[in-house]
Amino acid sequence: MNPSEPIVVLMTAPNREEARRIAETLVGSRLAACVQILPESQSVYRWQGEVTRDTEVLLLAKTTNDQFNDLVSSVTSIHSYETPEIIALPITAAAETYLKWLLGSLPEGS
């Protein structure tokens, strides 16, 4: 995978306040060009052998592959979850002007 390949990172947080803190940390440190915070949603998942239902907030961060490991470290250091959801999906197509903005918003070499 190309290190400068743009990706979307999906993360969840237990509430809007924590989601805002994560988003501001990532954008402020230039680990993400943009983070969107979506309204609360219901999550159903298996945790420690039990089916769990929780209200969570979804974050969508736009960054590049070479920023991913630092992004994960940053999020896990401030996240309240023991095992936060942090997954990346490739951006397979994007408007050229948006892609240029995204890459220009990250450190050189991203």
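**Notebook: strands, a helix and an aromatic pair**

I began with strands β2 (residues 34–47) and β3 (residues 50–64), which pair in the antiparallel sense over 12 bridges; pairing requires that DSSP find at least two bridges between two strands. Helices (H or I, at least four residues) and strands (E, at least two) are DSSP runs, numbered from the N terminus. The model is predicted, with pLDDT of at least 70 needed for local features and 80 or more for side-chain atom pairs, while totals for chains, interfaces and linings use all residues. Residues are numbered from 1 along each chain as its sequence is written, and side-chain values use heavy atoms, without hydrogens and water.

I noted that Arg46 has Val51 in β3 as its bridge partner. The two strands form a hairpin with 2 residues between them, and Gln48 in the turn has a positive phi of about 50 degrees.

Next I looked up helix α2 (residues 65–78). Its buried residues (under 20% relative accessible area, 1.4 Å probe, protein chains only) are Asn65, Gln67, Leu71, Ser74 and Val75. They pack against β1, α1 (16–28), β3 and β4 (86–90), contact meaning heavy atoms within 4.5 Å.

I then turned to the aromatic rings. Rings of Phe, Tyr and Trp (its six-membered ring) pair if their centres lie within 6.5 Å; planes under 30 degrees apart count as stacked, over 60 as edge-to-face and the rest as tilted. The count by this rule is 1 aromatic pair. Tyr98 and Trp101 form a tilted pair, 5.4 Å centre to centre with 45 degrees between the planes. Both residues lie in helix α3 (residues 96–104), 3 residues apart.

Technical notes:
Buried means under 20% relative accessible area, exposed over 50%, partly exposed in between (1.4 Å probe, protein chains only).
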